[in-house]
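Visitor: Could you take me closely through a single part of this model, and then show me what else is worth a look around it? Please give me the cut-offs as you go.

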Amino acid sequence: MGAIWPVLLFGLLLGMKHATEPDHVIAVSTIASRTKKLSLSSLAGMFWGIGHTLTLLVVGMAMIAFERQIPEQVASYLEMAVGVMIVILGIASFRSTMSTDHHHHGDIHHLHIKSTLIGIIHGLAGSAGMVLLTMTTVKGTWMALSFILIFGLGTVIGMMLFTTFLGVPFVWMKARQQAMNQWMVKTVSLISIAYGVYYIYHIATEI
């Protein structure tokens, strides 16, 4: 049993690192940058991690149980879907700065759902790599389950820490200088759109 803990610790740290990959960070940034409270920014990261973990768990364990791999072309199309999602999120975030309407507390559930859906899409795109990583790291169904769960916990922790850190300047600026906050949100939105287009192009050239 002693040999298991280093593997699980490796999975936890790898999950935390995985959470901060550029496509993950940019997608969640479009939500975190628009929150009114730091706690909501943190929750955006947490629910992203939950959605991401659930998808990895369901798809990953199914593939491992049937000893199958996700076809490379399918994996590429799922990755391309991430790029499309990032562009859509960027456009939606930019459009929100052009409106005079303000978000209300009733939008909290919407934020949870949106963050979870983003995590699910990222989880689908990352399932192929997760299956390969798990199969080459551990042996046995229970070990695979434990590894994916602890990896998922790492992504939740990593993304919560990042979105909390990211939310600080936006929440602070929103309370003091609305115009500057809007400019910052627009910048994040444009970065999201540009990165999403680049991401789609990069995947398309490899298919």
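Guide: Happy to. Let's take residues 183-201, whose end C-alpha atoms lie 27 Å apart and which are 100% helix and 0% strand. Here helices are DSSP runs of H or I with at least four residues, strands are runs of E with at least two, and both are numbered from the N terminus. The model is predicted, so local features need pLDDT of at least 70 and side-chain atom pairs pLDDT 80 or more, while totals for chains, interfaces and linings use all residues. Residues are numbered from 1 along each chain as its sequence is written, and side-chain values use heavy atoms, with hydrogens and water left out.

Now for the rings. Y195 and Y198 both sit in helix 7 (residues 178-204), 3 residues apart, or about one turn of the helix. A pair of aromatic rings is described by the distance of the centres and the angle of the planes. Rings of Phe, Tyr and Trp (its six-membered ring) pair if their centres lie within 6.5 Å; planes under 30 degrees apart are stacked, over 60 edge-to-face, and the rest tilted. This rule gives 3 aromatic pairs. Y195 and Y198 make a tilted one, at 6.2 Å centre to centre with 50° between the planes. Ring pairs join Y195, Y198 and Y199 into a cluster. Y198 counts as partly exposed because its relative accessibility is 48%; buried means under 20% relative accessible area, exposed over 50%, and partly exposed in between (1.4 Å probe, protein chains only).

Next, helix 6 (residues 141-176), which holds T155. With a relative accessible area of 0%, T155 is buried. Leaving aside residues up to four places away in sequence, T155 touches G15, M16, H18, A19, W48, G49, H52 and T53, where contact means heavy atoms within 4.5 Å. P169 is in helix 6 too, and is partly exposed at 35% relative accessibility. Its C-alpha atom is 8.6 Å from that of N181, 12 residues apart along the chain.

V7, in helix 1 (residues 4-19), is 136 residues from M143 along the chain, yet their C-alpha atoms are separated by 9.6 Å. M143 is also among the contacts of V7, along with T137, V138 and F147, again not counting residues up to four places away in sequence. The other pair is V74, placed in helix 4, and I207: 133 residues apart in sequence, 9.7 Å apart in space, C-alpha to C-alpha.

The loop between helix 3 (38-65) and helix 4 (72-96) contains E67. Most residues other than glycine have a negative phi, whereas E67 has a positive value near 55°. E67 is exposed, since its relative accessible area is 66%.

Finally, the span 116-135 is 100% helix and 0% strand, with its end C-alpha atoms 26 Å apart.
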